[in-house]
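Open the model in your viewer and get ready to select. We will go stop by stop, from one residue out to whole chains.

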Amino acid sequence: MNKTTFKYALFLVAICAIAGLLLALVNKVTAPVIAESRQKALREKLEEYYPYEYYLQGDDGSNDVAENAVQAFYYAFNENKELEAVIFQTSFYGYKSQIISLISIKVDGTIEGARMIAGNDTYDLSDFDFEVDEETVDDYEYTIKAGMTKTSEGVVNGIDAAVSYFKSIKDDLGGVSYE
Amino acid sequence: MNSKLQNLTKGFWAENPILISMLGLCPTLAITYKVENALGMGLAVLFVLVMSNLIISLIRHFVPDEIRIPVFIVVIATFVSVVEMVMEAFVPNLFARMSLFISLIVVNCIILGRAEAFASKHNWLDSVLDAVGMALGFTMVLVFISLIREALGTGSITIWGDLAINFNPNNSPFFSSFYVSPPAAFIVLGLILAGSKAITAAKEVKSK
Amino acid sequence: MTFSDLIVMAVSAILIQNVILQQFLGICPFLGVSGKRDSAVGMGLAVIVVITLASLTSWALYYLLLKPLGMQYMSTLVYILVIASLVQIVEMFLKKTIPALYRSLGIYLPLITTNCAVLGTAKNVIAKKFNFLETFVFSFATAVGFLFVIYIFSTLRSKIARGDIPKAFQGIPIALITAGILAMIFAKFGELII
C-alpha cells in the first residue's frame with residue numbers, strides 16, 4: 001500500500017469515526033424516547049386485558065393481518081424484567097367475521113385467560129364472556145358462559161392455535177430478555 | 001443578490017429534481033399515496049440535503065478528489081441516520097409507514113447529485129440555498145402527486161389524523177382505491193412527467 | 001423455514017412482492033438501462049451478484065458486529081459502505097474479465113451503488129429477521145425478480161419506441177405508464193397464487 005492510498009484510507013476512517021460519534025450522540029438522545037413510545041403502544045393494546053410492567057413484540061410483525069392464524073405474539077415482563085407470560089393475538093372465523101382474540105399463557109404453561117377483543121360488529125363485546133380457569137397447555141377445557149357458539153369458535157380456535165404456538169416456542173423462552 | 005435568489009428558486013421548476021432531472025423516482029412512486037407521507041419525506045429530504053450540502057461545501061477543499069464520492073456518501077449516510085432516529089422517536093407512526101424509504105434517502109440520486117454537481121464547487125451559502133430550493137421543489141411535486149392520489153383514492157385528505165378536506169361525502173364510485181395502488185403510482189407519475197415536459201416544450205416555443 | 005417455505009418465499013419475492021413493480025426499488029436503473037436487451041440482461045446479472053453479496057455481508061455485519069455492540073444506528077452507514085465497496089470490486093472484476101459488458105454498462109455500473117434495490121434488500125433481510133440461508137434465498141430471488149422485470153421491459157420498450165408517441169410522452173413518461181400496466185399484470189399473478 002503506497003503513501004497516498006494510506007492517506008486516503010486514513011481520511012475515510014477519520015470521517016467515519018466523526019460520523020460514528022455524532023450518531024452515537026443522537027442515539028443516546030433518541031433511544032429512550034423510542035423505547036418509551038414502543039412500550040406505550042404495546043401497553044395501550046395489552047394492559048387493559050393482561051396488565052404487566054413491560055411488553056415486547058415477539059414476532060416480526062409480518063403476519064399482523066393474517067386470517068385463521070396467530071397474528072402476533074408479545075412477551076410480558078414484570079418489574080424485574082423477568083418474562084412472565086406470552087400473549088398471543090389470533091384471528092379465526094367466528095360468527096360472521098374474523099374474531100380477534102388475545103390469549104395469555106404464562107411461562108409455566110398455565111393459560112391465564114382468553115379474551116375477544118374485536119369481531120363482528122352486531123355483537124357487543126361485553127355480551128361475550130369466556131372463561132379458561134387456570135388450565136395448562138397440556139390439559140385445558142373451556143367454559144362458555146355466554147355468547148353464541150359460532151362466535152366462541154373464533155376464540156376457541158384461537159386458544160388452540162395459541163397453545164400449539166406456545167408449545168413450539170416454549171423451549172426458547174429462556175433466551176428472551178427485555179432489552 | 002439576484003443570482004442568489006435564482007439559486008434558490010431554480011429547484012422549483014427550471015431544474016426541478018423530479019420533473020426535469022427525473023431523479024429520486026423510487027420514493028416518488030412509493031410514498032405518494034398519502035399527503036402526510038409527502039410532507040414527512042419532504043422535511044426529511046430538506047434536512048439531509050441542507051446539512052450534507054453545508055458540510056460538503058465546508059470541507060470541499062480538504063477532501064482528496066479520488067475519494068470524494070465515498071466521503072460524500074458517509075456524510076449523507078450520517079445525516080440520514082440522524083433523521084431515522086429522530087423520526088422514529090418523535091413521529092413513530094409516520095416513520096413506521098415509510099421507514100425503508102427514509103433510509104433510502106441515502107441513495108437518493110438528488111442528494112448525491114447536488115453534492116457532486118454543486119456543493120463540492122460552491123461556497124456554503126450558495127450550497128445551502130441550492131439545497132433548500134431543490135428540496136422544496138422535490139416536496140412540491142411529492143405533495144402534488146399525493147394530493148391527486150389520496151383525494152382520488154380515498155375521497156379525502158387526512159393529515160395527522162384530522163380530516164383536512166373531504167371530497168367525497170356521497171361515496172361516489174369515481175373515487176376508487178386503485179389510485180393508491182402501485183400501478184397507479186407509475187401511471188400518475190408518467191402522466192405528470194409527460195405534462196411537465198409538454199409545458200416546458202410549450203414555454204420554449206413561446207420564447208423563440 | 002422448511003424447504004418448501006423457502007420456495008414459496010422465493011417465488012413470492014420474484015412475482016408477488018416484485019422488487020421493481022411492487023416495492024418500487026431500483027426504478028432509476030430500470031428506466032435507464034432497459035433500452036437495450038443486452039445491457040438490461042448485463043445489468044440484471046451484475047445486480048444479482050451485488051444484491052446477494054451485499055445482503056449476506058450486511059446480515060453478517062449486523063448480527064456479528066452491530067447488534068452485539070448495540071450500534072444498530074450505524075447500520076445505514078455500514079451497509080452503504082459495504083455496497084459501495086462491493087460495486088467497486090465488481091467493476092474492477094468486470095473490467096478485467098468481461099470488458100465488453102463493462103463498456104456497455106458504462107456509467108450505470110457504478111450507479112448500482114445508488115440502486116435502491118440493493119440497500120433496500122439489505123435492510124429488508126434484517127427487518128424480516130431472516131437467518132443466513134433465508135437471507136441468501138430471499139436476496140437472490142429478489143434480484144432474479146429484478147432481472148426478470150428489466151428483461152421483459154427491455155423487450156417492450158424497443159417495440160414501444162417504434163410506435164407513434166406524442167413528444168411529451170417519449171422516453172420516461174411512456175416507460176412509466178407501461179410499467180404501470182406491467183405492475184397490474186404482476187398484481188394479478190399474486191391473486192392467482194394466493
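**Stop 1: one residue in chain B**

Select Ile18(B) and show what surrounds it. Leaving aside neighbours within four places in sequence, Ile18(B) is in contact with Gly24(B), Thr28(B), Phe138(B) and Val141(B). Keep in mind that this is a predicted model.

Ile18(B) lies in the loop between helix H1 (2-9) and helix H2 (25-31) of chain B.

Is Ile18(B) buried or exposed? Count its C-beta neighbours inside 10 Å: there are 24. A residue is buried if 20 or more other C-beta atoms lie within that 10 Å, so Ile18(B) counts as buried.

Draw a line from C-alpha to C-alpha. Ile18(B) and Ser52(B) are 19 Å apart in space. In sequence, 34 residues separate Ile18(B) from Ser52(B).

**Stop 2**

Select helix H7 (residues 124-154) and helix H8 (residues 182-207) of chain B. Their axes are 11 Å apart. The two helices pack at an angle of about 130°. Angles over 145 degrees would count as roughly antiparallel, and 65 to 115 as roughly perpendicular. H7(B) and H8(B) are therefore oblique to each other. Their crossing is right-handed.

Which residues of H7(B) and H8(B) meet? Show side chains on both helices. From H7(B), pick Ile145(B), Ile148(B) and Arg149(B). From H8(B), pick Ala184(B), Val188(B), Leu189(B) and Ile192(B). Colour these residues by class. The contact of H7(B) with H8(B) has 6 nonpolar residues, no polar ones and 1 charged residue.

**Stop 3: the whole of chain B**

Zoom out and show chain B as a cartoon. It has 8 helices and 2 strands. Trace the elements of chain B from the N terminus: α-α-α-α-α-α-α-β-β-α.

Along its principal axes, the C-alpha trace of chain B spans about 60 × 50 × 30 Å. What radius of gyration would a compact globule of 208 residues have? It would be near 17 Å; chain B has 18 Å, which agrees.

Now colour chain B by burial. Buried residues make up 49% of its 208 residues. Then look at contacts between residues at least 6 apart in the sequence of chain B. Of these, 76% join residues at least 24 apart.

**Stop 4: where chain B touches chain A**

Bring chain A into view. The contact between the two chains takes 14 residues from chain B and 14 residues from chain A. Which element of chain B gives the largest share of the side that touches chain A? Select helix H4 (residues 68-90) of chain B: it supplies 10 residues. Colour this side of chain B by class. It has 10 nonpolar, 2 polar and 2 charged residues.

**Stop 5: chain A by itself**

Chain A has 2 helices and 8 strands. Follow the sequence of chain A and you read α-β-β-β-β-β-β-β-β-α.

Colour chain A by burial. Of its 179 residues, 26% count as buried. Check the contacts in chain A with a separation of 6 or more: residues 24 or more positions apart account for 47% of them.

**Stop 6: chain C by itself**

Switch to chain C. It has 8 helices and 0 strands. The pattern along the sequence of chain C is α-α-α-α-α-α-α-α.

The C-alpha atoms of chain C fill a box of roughly 60 × 45 × 30 Å, taken along the principal axes. For 194 residues, a compact globule would have a radius of gyration near 16 Å; chain C has 17 Å, which agrees. Buried residues make up 45% of the 194 residues in chain C. Among contacts in chain C between residues at least 6 apart in sequence, those joining residues at least 24 apart make up 79%.

**Stop 7: where chain C touches chain B**

Show chain B again, next to your view of chain C. Here 29 residues of chain C are in contact with 33 residues of chain B. Which helices of chain C each supply at least two residues of the side that touches chain B? Select these:

- helix H2 (27-33) of chain C
- helix H4 (75-97) of chain C
- helix H6 (116-127) of chain C
- helix H8 (172-193) of chain C

Now highlight H8(C). The largest share of this side of chain C, 10 residues, comes from H8(C). End by colouring the side of chain C that touches chain B by class: 22 nonpolar, 5 polar and 2 charged residues.

Note on methods: Residues numbered from 1 in each chain as written. Chains lettered and ligands numbered in written order. Predicted model: local features only at pLDDT ≥ 70, side-chain atom pairs only at ≥ 80, totals over all residues. Axes fitted to C-alpha atoms, helices over the stretch in contact; angles between N-to-C directions. Helix = DSSP H or I, 4+ residues; strand = E, 2+ residues; numbered from the N terminus. Parallel < 35°, antiparallel > 145°, perpendicular 65-115°, else oblique. Left-handed = near helix turned anticlockwise from the far one by under 90°. Contact = placed C-beta atoms within 7 Å. Nonpolar A, V, L, I, M, F, W, Y, C, P; charged D, E, K, R; others polar. Rg over C-alpha atoms; globule rule 2.2 N^0.38 Å. Buried ≥ 20, exposed ≤ 12 C-beta atoms within 10 Å, placed from the backbone.
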